[in-house]
Amino acid sequence: MLRALFIFIVVALLSALAIWLADNPGDLTMYWRGYEIRTSFVVGVGVMALAAFLVLLVYRIVSGFIDTPASVSAFLEKRRQQKGFLALSRGMVAVAAGDAAEAKRYAAQAHKLLDAPPLTLLLAAQAAQLEGDEKSASGYFERMLDAPETAFLGLRGLFIQARRAGDREQALAHARRAFELRPQTPWAAQAVFEIEAAEEDWDGALKTLDREVSAKVISRDKARRRRAVLLTAKAMTAAEAAQGQAGEARKAALEKAVVLALDAVALEPAFAPTVALAARLCSETGRARKAARLIEAAWDVEPHPDLADVWLDMTDGESGYDRAVRARVLAARNPEHIESRILVARGAIGARDWTAAREALAVYAGPDATETPTQRICELMAEIEEGAFGDRGAARGWLARALHAPQDPQWTGENYRSPRWAPIDPMTGAFDALVWTAPAIALAREEKRPRMSEKDAGPHIEKADAPEAPVVSPPERAAREAPKAPLAFQPPLPDDPGPEEVDEAQEGERKW
């Protein structure tokens, strides 16, 4: 409506102007080089308007001819970029689809048409990786290091190449350069930390952890846990070094280990391996009361066999009766826990108090038992039966029962289990990956084993279960197979462990 009104007003004004000019025609006279040109005012204005239009038209035509090469060049450049980005997109799709030939072809087209090194070099490197040409892929990533805007991307690619090749030294070098370039990048910080920890470079890992906290790429709770594990590992190393020394050197090494272990306990006061190590070192350096307080505080939160071992061996030359008394004192702090009952039974067995030992395990092995006994409890009951009555038949019955009893918790990782804690998973090299839990490896093996009926099995198969195949410890297995040491972040583990799976617990748990 407003637009129509505006047009009407413009037409009305032009009409009024025309009427005014008709009422006031006037004359227009122009003198030029001795000539006199005389016409009406309206005609003169029309001629001047026509002349201005012709001049503008000629100007546009001439300027169009002048700008034509640039316009054509811009059109061709735009078309070339469109074709280049189309080739780049198709190359990325080919990479995602795993088509190495198509990815390589489109990568060459994109590199030829586009002036975008980060994208084209990355596509070319990925195409080379699909073809298995690791050398060419590394070459493309190294070319990215020449430009500041692509250097970090190149380091990322070189790090992945070194990790796949199993070259831990090169992977660490590339990860450190990337971490220096961009400290706020989580993958670079994590890679540096994991490799340093896998190589047992505890000091380097601690420095990297400090930088991670400063860059805020890790939470403080997670950093506190990692620091406690690293300090525990350093204390273990110092304690092992002290074993081969004597005199003042050994005393200094033990003091260093004590300080590290106590610092770790301050960060994780309920972490059993740390508390057990600190208590043992305190006991060796004459601080038995400090060791007792550490174990008691941790036992209140979560009883653990490592704590029980240190508690029972804390006093040299102690009688069996006194040890049994101390076992009951610690167990009273958490009396309903299974580890407390086992601790009392162990102390009573050491004192040859078979009645007290049997009562401690009554909830698992008595006539009114309400809980299923585990392997350790079955072994303790076998020792009680033989020690109390000399009944080897009953002892063998308990040992046979132990073969099928639920397994006790162990430090369990991926295809690995052991009664001893370690800061690094020996199978994968992962940091702080072992979890105190009942291993499920044997259960998984039983589930995968095909079941046969008695009829299908044949007459030579008895109803009683056959004994399990002998297990092979991780050191023996590693010595036999001699596998290549995997990276901490790329474990070459089998999907099905097989019957020779790792089991160190059988010997370690039976040595009281």
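Let me start with helix α19, residues 375-389, in this predicted model: at 1.5 Å a residue its 15 residues should span 21 Å, and its end C-alpha atoms are 21 Å apart, which agrees. The expected span here is 1.5 Å times one less than the number of residues, and helices (DSSP runs of H or I, at least four residues) and strands (runs of E, at least two) are numbered from the N terminus. Residues are numbered from 1 along each chain as its sequence is written, and side-chain values use heavy atoms, with hydrogens and water left out. As the model is a prediction, local features need pLDDT of at least 70 and side-chain atom pairs count only at pLDDT 80 or more, while totals for chains, interfaces and linings use all residues.

Staying with α19, its buried residues are Q375, R376, I377, C378, E379, L380, M381, A382, I384 and E385, where buried means under 20% relative accessible area, exposed over 50% and partly exposed in between, with a 1.4 Å probe and protein chains only. Which helices are included in what covers these buried residues? Among them are α14 (305-312), α16 (338-350), α17 (354-360), α18 (362-365) and α20 (392-404). After α19 comes G390, whose phi is positive, near 70°.

From α17 we can pick out R358, which counts as partly exposed at 29% relative accessibility. Leaving aside neighbours within four places in sequence, R358 is in contact (heavy atoms within 4.5 Å) with M381, I384, E385, A388 and F389. The C-alpha atoms of R358 and I384 are separated by 7.2 Å, although these residues lie 26 residues apart along the chain.

Another arginine, R417, is found in strand β4, residues 416-418, and is buried, with a relative accessible area of 2%. The side chains of R417 and Q407 are joined by a polar contact of 2.7 Å; such a contact is a pair of N or O atoms within 3.5 Å, where within protein one must be able to donate a hydrogen and the other to accept it, and residues adjacent in sequence count only if both atoms are side-chain atoms.

Now to the nonpolar cores, each a set of buried Ala, Val, Leu, Ile, Met, Phe, Trp, Tyr and Cys residues joined through side-chain atoms within 4.5 Å. In the largest, which has 77 residues, L230, L281, I295, L307 and L343 touch the most other members. Helix α10, residues 220-243, gives this core its largest share, 9 residues. Apart from it lies another core of 16 residues, including F152 and L155.

Finally, the rings: a search of the whole structure finds 6 aromatic pairs, meaning rings of Phe, Tyr and Trp (its six-membered ring) with centres within 6.5 Å, with planes under 30 degrees apart counted as stacked, over 60 as edge-to-face and the rest as tilted. The rings of F152 and W187 have centres 5.7 Å apart and planes at 55°, so this pair is tilted. F152 belongs to helix α6 (residues 148-165) and W187 to helix α8 (residues 186-198), 35 residues apart, and both are buried. F271 and W421 form an edge-to-face pair, 5.5 Å centre to centre with 85° between the planes. Ring pairs link F271, W411, W421 and W436 into a cluster. The charged end of R225 sits over the ring of F271, 4.1 Å from its centre, the criterion being NZ of Lys or CZ of Arg within 6 Å of the ring centre and within 35 degrees of the ring normal.
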